[in-house]
Amino acid sequence: MALIVPSILSADFARLGQQVEEAQAAGADRIQVDVMDGRFVPNITVGPLIVEAVRRHTSLPVEAHLMIVEPERYLEEFARAGADLIIIHQEATPHLHRAIQRIHALGKRAGVALNPATPCVMLQDILTALDLTLLMTVNPGFGGQSFIRESLPKIERLRAMLQQHGAICDLEVDGGVAPETARDVVRAGANVLVAGSAVYGAPSGVAAGISALRAALA
Ligand code: DX5
């Protein structure tokens, strides 16, 4: 069964702790914090302080998705803040292998994300060192965008690459994941689904949002 990872990007930040607790109570598997610097993506969000705050309100693993340039500058801070899994973008650093080594040296799990136009082959020489690969199925920066359906064959290609290399890492998908798209995403090969607006924007609340995703995958 695929893992469901609510992204707090669409949460009510005026009551973030409660929103994180709601997601855990509703059966979320992990919590994702979307970190944006206004340079790698055209939006600015949060930093290590919010990871610390989220950490205080859940016993679930916390992922820090760093949509920032030169992420190697902040690995220690996010590790110290309580992130269990640090995800950086392949496009954001010329020294990806060294950054993954440093995340592991900090005792954390390491993930690499690809933007929609970045081919899976960019991961082939780092794949077996990763705990997670993340395919963006929207152009990163904002929640509530439409799923890029052309991403489905890319998910299939990455799943095939993982099998070919004997890689056991997660294949996570992020962007536009909703009950209408979740089944196709998992069929294509994803085993972890990030959902922001489908959870925190669900009309009937967080639990209903997570339940609807689970139902779509049943
Ligand atoms: C980058 C962010 C979003 C967020 C999920 O844009 O990474 O993808 O996590 O947002 P939704 O699920 O609302 O597309």
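Residues are numbered from 1 along each chain as its sequence is written, and side-chain values use heavy atoms, with hydrogens and water left out. Because the model is predicted, local features need pLDDT of at least 70 and side-chain atom pairs count only at pLDDT 80 or more, while totals for chains, interfaces and linings use all residues.

We may start with the helices. Helices (H or I, at least four residues) and strands (E, at least two) are DSSP runs, numbered from the N terminus. Buried means under 20% relative accessible area, exposed over 50%, and partly exposed in between, with a 1.4 Å probe and protein chains only. In H1, the buried residues are Leu-16, Gly-17, Gln-19, Val-20 and Ala-23. These residues lie on the same side of H1 because they cover an arc of only 165° around the axis, the arc being that of the directions from the helix axis to the C-beta atoms. Their cover includes strand S1 (3–6), S2, H2, helix H7 (197–200) and helix H8 (206–217), where contact means heavy atoms within 4.5 Å. Just after H1, Gly-27 adopts a positive phi of about 95°.

Helix H2 (residues 48–55) has Val-51, Ala-53 and Val-54 as its buried residues. Since they cover an arc of only 160° around the axis, they too sit on the same side of H2. Among the elements that cover them are helix H1 (16–25), strand S2 (31–36), strand S3 (62–67) and helix H3 (75–81).

Strand S3 also holds His-65, which counts as buried because its relative accessibility is 0%. The side chain of His-65 makes a polar contact of 2.9 Å with that of His-89. A polar contact is a pair of N or O atoms within 3.5 Å; within protein, one must be able to donate a hydrogen and the other to accept it, and residues adjacent in sequence count only if both atoms are side-chain atoms. Beyond its neighbours within four places in sequence, His-65 is in contact with residues including Gln-32, Asp-34, Ile-87, Met-136 and Asp-174.

The loop between S3 and H3 contains Pro-71, and this residue is likewise buried, because its relative accessibility is 0%. Not counting residues up to four places away in sequence, Pro-71 touches Leu-66, Ile-88, Ala-92 and Thr-93. Its C-alpha atom is separated by 9.8 Å from that of Ile-86, 15 residues apart along the chain.

Turning to the cysteines, the structure holds 0 disulfides (pairs of cysteine sulfur atoms within 2.5 Å). The closest cysteine sulfur to that of Cys-120 is in Cys-169, and at 11 Å it is too far for a bond. Cys-120 counts as buried at 5% relative accessibility, and Cys-169 counts as buried at 6%.

Finally, the ligand has 22 residues around it, of which Gly-144, Asp-174, Gly-176, Gly-196 and Ser-197 come nearest; a residue is near if one of its heavy atoms lies within 4 Å. An oxygen atom of the ligand is 2.5 Å from an N or O atom in the side chain of Ser-197. Polar backbone atoms also take part: a ligand oxygen lies 2.8 Å from one in Gly-144 and a ligand oxygen lies 3.0 Å from one in Gly-141. Taken alone, the ligand exposes 360 Å², and the protein buries 100% of that; accessible areas come from the Shrake-Rupley method with a 1.4 Å probe, and for residues only the protein chains shown count as cover.
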